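The model is shown below.

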Amino acid sequence: MFYDSGLRFQCQMCRYCCSAEPGYVYLSEEEIQGIAQYLSLPIDQFMKIYCRAVDFGDSWMISLREKADYDCIFLSEKGCGIYPVRPKQCMNYPFWPSIMESEENWKEEAMHCPGIGQGDIIPGDEIRRRLEDQADPAVIPKIGD
Ligand code: SF4
Ligand code: SF4
């Protein structure tokens, strides 16, 4: 793959990936439990306040909510409000399968993420590890009509 010999990346803390455009941050059951616990909230209350269900045809997936300006609900002036327990999707950006499937996609992402091309080289093995470290998003089947 184009990243076998490693790629330079170092987050510049610009917060673009937590804001700016509509998007989804999908959560696994473990992440839902972990964030609710971190916020000292019962799971149902956490989901009501901070989550939304995304329609996937015959099922729903759970994503964090966004504010009206598309900022993540947990983004503030101080940064991520759940940083120690932030979802894997956030932790592993920009090493997402959709971005890493081609060099063209990686270069295109670099137009949005100023951390791409900066800092030390992340070795190919580490990129592979991050690519495999994807959360299993919680799926809620729809009950029949
Ligand atoms: S867009 Fe890139 S540089 Fe900016 S906060 Fe996200 S990972 Fe860091
Ligand atoms: S949970 Fe934190 S790191 Fe993830 S998008 Fe929201 S503010 Fe950014």
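In this predicted model, the shell around ligand 2 divides into ten nonpolar residues, one charged residue and no polar residue. Its members are Cys18, Val25, Leu64, Cys72, Phe74, Leu75, Cys80, Ile82, Arg86, Pro87 and Cys90. The shell around ligand 1 consists of Cys11, Gln12, Met13, Cys14, Arg15, Tyr16, Cys17, Tyr93, Cys113, Pro114 and Gly115. The composition of each shell by class is tabulated here.

| Shell | Nonpolar | Polar | Charged |
|---|---|---|---|
| Ligand 1 | eight residues | two residues | one residue |

The largest nonpolar core has eleven residues: Cys17, Cys18, Val25, Leu27, Tyr50, Cys51, Ile62, Leu64, Cys72, Phe74 and Ala138. Apart from this core lies another, of seven residues, including Leu7, Phe9, Met100 and Ile116. Cys18, Val25, Leu64, Cys72 and Phe74 belong to the largest core and also to the residues around ligand 2. Cys17, likewise a member of the largest core, is among the residues around ligand 1. Within the largest core, Tyr50 touches Leu64, Arg65 and Ile73, when residues up to four places away in sequence are not counted.

Pro141 lies in strand β7, which spans residues 139-141. Is Pro141 buried or exposed? Pro141 is classed as exposed because 9 other C-beta atoms lie within 10 Å, and the class requires 12 or fewer. Neighbours within four places in sequence aside, Pro141 is in contact with Asp58 and Ser59.

Key
Residues numbered from 1 in each chain as written. Chains lettered and ligands numbered in written order. Predicted model: local features only at pLDDT ≥ 70, side-chain atom pairs only at ≥ 80, totals over all residues. Near = placed C-beta within 6 Å. Nonpolar A, V, L, I, M, F, W, Y, C, P; charged D, E, K, R; others polar. Core = buried A, V, L, I, M, F, W, Y, C linked by C-beta atoms within 7 Å. Buried ≥ 20, exposed ≤ 12 C-beta atoms within 10 Å, placed from the backbone. Contact = placed C-beta atoms within 7 Å. Helix = DSSP H or I, 4+ residues; strand = E, 2+ residues; numbered from the N terminus.
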